[in-house]
Each structure stands twice: as structure tokens, then as C-alpha cells.
Amino acid sequence: MMVLRRLLRKRWVLGVVFGLSLIYFLTSTLKQEERTIRDRTLLEVRDSDHRIPWKVRFNLGNSSRQITQCRNSIQGKTLLTDELGYVCERKDLLVNGCCNVNAPSTRQYICKSCLANGCCSIYEYCVSCCLQPDKQLLLERFLNRAAEGFQNLFTAVEDHFELCLAKCRTSSQSVQHENTYRNPQAKYCYGESPPELLPV
């Protein structure tokens, strides 16, 4: 009798473990299928000329608009750029995510460390410079000519700020032989051309 009870208990536990494993497997598979469908939708092209349906909304450069929350570049150790194009020290970031425009070191649309080709040595300045309203035509030209390899990245961006964040991140344009920078002083680029190749 005791042996029978133990055997039934073991089978009951195994049944519960099997049932939970099956539920986990089915929900994981369903989520993966949803992600695949979503990704496929992002990559779909429209019309016969295969133009990519870019979703970017460019801002009007009107920094006086009322804004209660800001997105910002987040990862900078000392500097951050908010979506209005202000660069500030981390200590001058307000609780709403915006730079404190009254802080002495805060500047808008600053291109410090950026070269004429749109490549900069500091990520936050690259993003700020890219957000200048007069960069819209340059960015639209880039989006219209973007290679297929960039479709995953750039079809997902929603607006000017997200585009600048993505464009300024180190990309294959900034490196040679996949492991060294073409120009270590110009790693982050929003422009159309890669950094100049420095002589070895």
C-alpha cells in the first residue's frame, strides 16, 4: 500500500511538471510567432518601386513647445542629449528626462567635436547636431537611399530623435577590417559619408 502511494505521488508530480512544461512551451512558441509576424510586417515594402515605408516624423525645431517628459540618450557617463537637441551634464538632467536649459553648460544643437562630414568624436554631440532642423533634408536623402542592410534598424524608428540616436551609434561605416576605426576621432556619424580613412 505504501509503495503504491509513493508511486502515485511520483506520477502526480511528474504529471504536474509535464503540464507546466507544456504550457511554457506553447506560450513561448506563440510569442515567437507573434514577433516573427511583427518583424516581417516591418520589412514589407510597398508599391512597385519597392520604397520603404519610413515612419520618421521630423520635428520643427521649435524648442519652445510645451513638453512635460523628454527622452534622452541615457547611456552617457557625463553627458546626455535630450530629444529637443540639448546637451547637458548628467547632474543637470531634470527628473522629467529633459536637460535643465538654465544650467550654464547646457547647449542646444551643439556640434562640438563634429567634422564637416557629420562625424563626431562624442556620441551626445553627434545626436544633438543631427537634431538640428536643417539636417532634415540630409536625413531624408539617407533614408531614401538606405541599403537593405539598414532596413531592420531604420524602418523601426518613429521620429527624428530615434533616427539620430540610431544613426550616430557606431556602425560599420565607422570601421575598417571590422575591428579598427577609420578615424578614432570621428566614430559617430549622422552624415552620408563614412569618416575619412586615416593613414597608418
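Lysine 91 is exposed, with a relative accessible area of 64%; the classes used here are buried for under 20% relative accessible area, exposed for over 50%, and partly exposed in between, with a 1.4 Å probe and protein chains only. The structure is a predicted model, in which local features need pLDDT of at least 70 and side-chain atom pairs count only at pLDDT 80 or more, whereas totals for chains, interfaces and linings use all residues. Residues are numbered from 1 along each chain as its sequence is written, and side-chain values use heavy atoms, with hydrogens and water left out.

Lysine 91 takes part in salt bridges, a term that denotes a side-chain nitrogen of Lys or Arg within 4 Å of a carboxyl oxygen of Asp or Glu. One partner of lysine 91 is glutamate 89, at an N to O distance of 3.4 Å. Another is aspartate 92, for which the closest N and O atoms are 3.5 Å apart. Elsewhere, salt bridges with shared partners join Arg71, Glu83, Asp159 and Glu162 into one network. The count by this rule comes to six salt bridges.

Because glutamate 162 lies in helix α5 (residues 160-168) and arginine 71 in the loop between α1 and β1 (79-81), the pair ties together parts that are 91 residues apart in sequence. Helices (H or I, at least four residues) and strands (E, at least two) are here DSSP runs, numbered from the N terminus. Both partners are partly exposed, glutamate 162 with a relative accessibility of 26% and arginine 71 with 29%. The backbone nitrogen of arginine 71 also lies 2.8 Å from a polar atom of the side chain of glutamate 83. Glutamate 83 belongs to the loop between β1 and β2 (86-89) and is buried, with a relative accessible area of 12%.

β1 and β2 run antiparallel and are joined over three bridges; leucine 80 has cysteine 88 of β2 as its bridge partner. Four residues separate the strands of this hairpin, in which glycine 85 takes a positive phi near 90°. β2 pairs in turn with β3, again in the antiparallel sense, over two bridges, and here tyrosine 86 has glutamine 108 of β3 as its bridge partner.

Most residues other than glycine have a negative phi. Tyrosine 109, by contrast, has a phi near 50°, and serine 113 has a phi near 80°. Tyrosine 109 is found in the loop between β3 (107-108) and β4 (119-120), and serine 113 is likewise placed between β3 and β4. Tyrosine 109 counts as buried at 18% relative accessibility, whereas serine 113 is partly exposed at 27%.

Helix α2 (residues 123-130) is largely enclosed by the rest of the structure, because eight of its eight residues are buried. Among these buried residues of α2 are Tyr123, Tyr125, Cys126, Cys129 and Cys130. Valine 157, in the loop between α4 (151-154) and α5, is also buried, with a relative accessibility of 5%. The C-alpha atom of valine 157 is separated by 6.4 Å from that of valine 56, although the two residues are 101 apart along the chain.

A contrasting region is found in helix α1 (residues 2-43), where tryptophan 12 is placed. Tryptophan 12 is exposed, with a relative accessible area of 61%. Together with Val13, Val16, Val17, Leu20 and Ile23, Trp12 makes a nonpolar surface patch of about 600 Å². Patches consist of residues with over 30% relative accessible area and no salt bridge, like charges being joined within 9 Å and nonpolar side chains (Val, Leu, Ile, Met, Phe, Trp, Tyr) within 5 Å; the areas come from the Shrake-Rupley method with a 1.4 Å probe, and for residues only the protein chains shown count as cover. In the unreviewed UniProt entry, the annotation "transmembrane region" covers residues 12-30. The span of residues 12-30 is 100% helix and 0% strand in the model, with its end C-alpha atoms 27 Å apart.

Conventions:
UniProt positions renumbered as here; feature names shortened; annotations may be inferred. Polar contact = N/O pair within 3.5 Å; in protein donor to acceptor, adjacent residues only side chain to side chain. Pairing = 2+ DSSP bridges.
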